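User: I am new to reading structures of this kind. Could you take me through the main features one at a time?

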There are 2 protein chains.
Amino acid sequence: MIRETGQIDGYDYGSAKIARSPVTLNELQELKVTLRWSEEDERFLRLAGEVLQDQTEPLVDLWRKQIIASIPHLARHSRAPEGQALPDYVTRSSRRFQQWVLDTCLQPYDQDWLNYQHEIALRHMAPKKNQVDHVRSTLYVPFRDILAFVPVMNETIKPFLAAKGHSAQDVNAMHRAWIKSMQLQMALWAKPYSEPPAGYSHW
Amino acid sequence: MIRETGQIDGYDYGSAKIARSPVTLNELQELKVTLRWSEEDERFLRLAGEVLQDQTEPLVDLWRKQIIASIPHLARHSRAPEGQALPDYVTRSSRRFQQWVLDTCLQPYDQDWLNYQHEIALRHMAPKKNQVDHVRSTLYVPFRDILAFVPVMNETIKPFLAAKGHSAQDVNAMHRAWIKSMQLQMALWAKPYSEPPAGYSHW
């Protein structure tokens, strides 16, 4: 389901307070050409959105509570600098994470989507990480960890895409479209990560 | 086949003139943990290396001469700034590209591999791009284009992995290992791309 700003704490998709992305729609179009993005991909992403609609909570719980939580150098980004758990932070950000899965599948990749991509990237970086939820945690998530976690997400989402009885061919088409969108988003996130404040690395 | 430095023009794997990577073996190990890299992945990458051994030329030709050459914003990186073809540059860099496919599959991911990963990334950036082959071309390949091209490489390599009659299960395991290695390499390349000279963007 596409949700409105404010229905989820800190979820500001399409809100006037979200700045314009420095990436242009023309640059987005070039990235789609590089990826060989097709109408079929768009159609199957919509289908993936229907299929994932009622599965985003177990999906995100698998990623965060099972996989990420078991890897200390990843888990620390949801914890206080001294190591304490931050259950409210995890709950709030997991709801946005779930909504991001649906937005990936169901939103048109237009100016609002581009703006929010940039906002989400910034919320993984200093100084924006932690601000929305008023928490003390790591200052940023290194880009290398995000990039390296993408294949894990891509691999583990496949059973969820297959869970509603679609043909292997349709599941593969949904999966291919999902994978392309993940890397498209990584290419967009590379913009702020490649242009950090002078002398500051987010690697 | 693992080749020696100098057998291919500009191929300097393991050479004393290659600087030490700023990425540590410990950071590499953390990335492998994030990726859930396994011994099975290593075994199937070796098998992929055997399977791809005599196919690297058509594989790289597919990527460069068919796909990249047909996309102007990618093709320009193998051309002069005024648009002329640079056939020697394409030939020399394609031979290295082919060897990189085999190195991805067959080399141990040790200090030499780490060092050469960093060198290859720098050779896509200013000021190192073009230097090895003494050509005039674009100053750098934007990181976004490299990231966005990875799913195309991953998708199109699969028939090559299947070309020697291995079971679907083994082909999938080779493919999974290849995909993980691609993203591991992107995470390593993100180091120099995320730390460009002040005020300079390679996005």
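Analyst: What follows goes through a predicted model, beginning with the interface and ending with backbone geometry.

User: How many residues of chain B and of chain A does the contact take, and what area is buried between them?

Analyst: The size of an interface is often given as the accessible area lost when the parts come together. Here chain B and chain A bury about 3300 Å² between them, and carbon and sulfur atoms give 66% of that area. Three residues, B:Thr34, B:Gln183 and B:Trp203, supply 22% of what chain B buries against chain A, more than any other three residues. The contact takes 38 residues from chain B and 38 residues from chain A.

User: How many salt bridges and how many polar contacts cross between the two chains?

Analyst: The rule finds two salt bridges across the interface of chain B and chain A. One of these joins B:Glu155 and A:Arg176, whose closest N and O atoms are 3.4 Å apart.

User: Which elements of chain B give two or more residues to the side that touches chain A?

Analyst: They are helices H1 (25–35), H4 (72–75), H7 (143–161) and H8 (168–194) of chain B. H7(B) gives the most, with eleven residues. By residue type, the side of chain B that touches chain A divides into 23 nonpolar, six polar and nine charged residues.

User: Which residues of H2(A) are buried, and which helices do they pack against?

Analyst: An α-helix has 3.6 residues a turn, so residues three or four places apart point the same way. Helix H2 of chain A covers residues 39–52, and its 14 residues reach 20 Å from first C-alpha to last, close to the expected 20 Å. The buried residues of H2(A) are A:Asp41, A:Phe44, A:Leu45, A:Leu47, A:Ala48, A:Gly49, A:Val51 and A:Leu52. They pack against helices H3 (56–67), H5 (87–106), H7 (143–162) and H8 (168–194) of chain A.

User: Why does A:Asp41 count as buried, and what does its side chain reach?

Analyst: A:Asp41 has a relative accessible area of 2%, and buried means under 20%, so this residue counts as buried. Its side chain reaches the backbone nitrogen of A:Ser38 at 2.9 Å. A polar contact of 2.7 Å also joins the side chains of A:Asp41 and A:Lys180. Not counting residues up to four places away in sequence, A:Asp41 touches A:Arg36, A:Ala177 and A:Lys180. A:Asp41 and A:Arg176 are 135 residues apart in sequence, yet their C-alpha atoms are 7.5 Å apart.

User: Is A:Gln117 buried or exposed, and what is it in contact with?

Analyst: A:Gln117, in helix H6 of chain A, counts as buried at 3% relative accessibility. Leaving aside neighbours within four places in sequence, A:Gln117 is in contact with A:Trp100, A:Gln185, A:Leu188 and A:Trp189. With A:Trp189 there is a polar contact between side chains, at 2.8 Å.

User: Where are the cis peptide bonds and the positive phi values in this model?

Analyst: Most residues other than glycine have a negative phi, and most peptide bonds are trans. In chain A, a cis peptide bond joins A:Ala126 and A:Pro127, with omega about 5 degrees. In chain B, the bond from B:Ala126 to B:Pro127 is cis, with omega near 5 degrees. A:Pro127 is in the loop between H6 and H7 of chain A, and B:Pro127 is in the loop between H6 and H7 of chain B.

For phi, B:Arg36 has a positive value near 55 degrees. B:Arg36 lies in the loop between H1 and H2 of chain B and counts as partly exposed at 40% relative accessibility. B:His134 has a positive phi near 50 degrees. B:His134 is in the loop between H6 and H7 of chain B and is exposed, with a relative accessible area of 71%.

Definitions and conventions
Residues numbered from 1 in each chain as written. Chains lettered and ligands numbered in written order. Predicted model: local features only at pLDDT ≥ 70, side-chain atom pairs only at ≥ 80, totals over all residues. Heavy atoms only, no water. Contact = heavy atoms within 4.5 Å. Buried area = accessible area lost by both parts, 1.4 Å probe. Salt bridge = Lys/Arg side-chain N within 4 Å of Asp/Glu carboxyl O. Helix = DSSP H or I, 4+ residues; strand = E, 2+ residues; numbered from the N terminus. Nonpolar A, V, L, I, M, F, W, Y, C, P; charged D, E, K, R; others polar. Expected span 1.5 Å × (residues − 1). Buried < 20%, exposed > 50% of the residue type's maximum accessible area, 1.4 Å probe, protein only. Polar contact = N/O pair within 3.5 Å; in protein donor to acceptor, adjacent residues only side chain to side chain.
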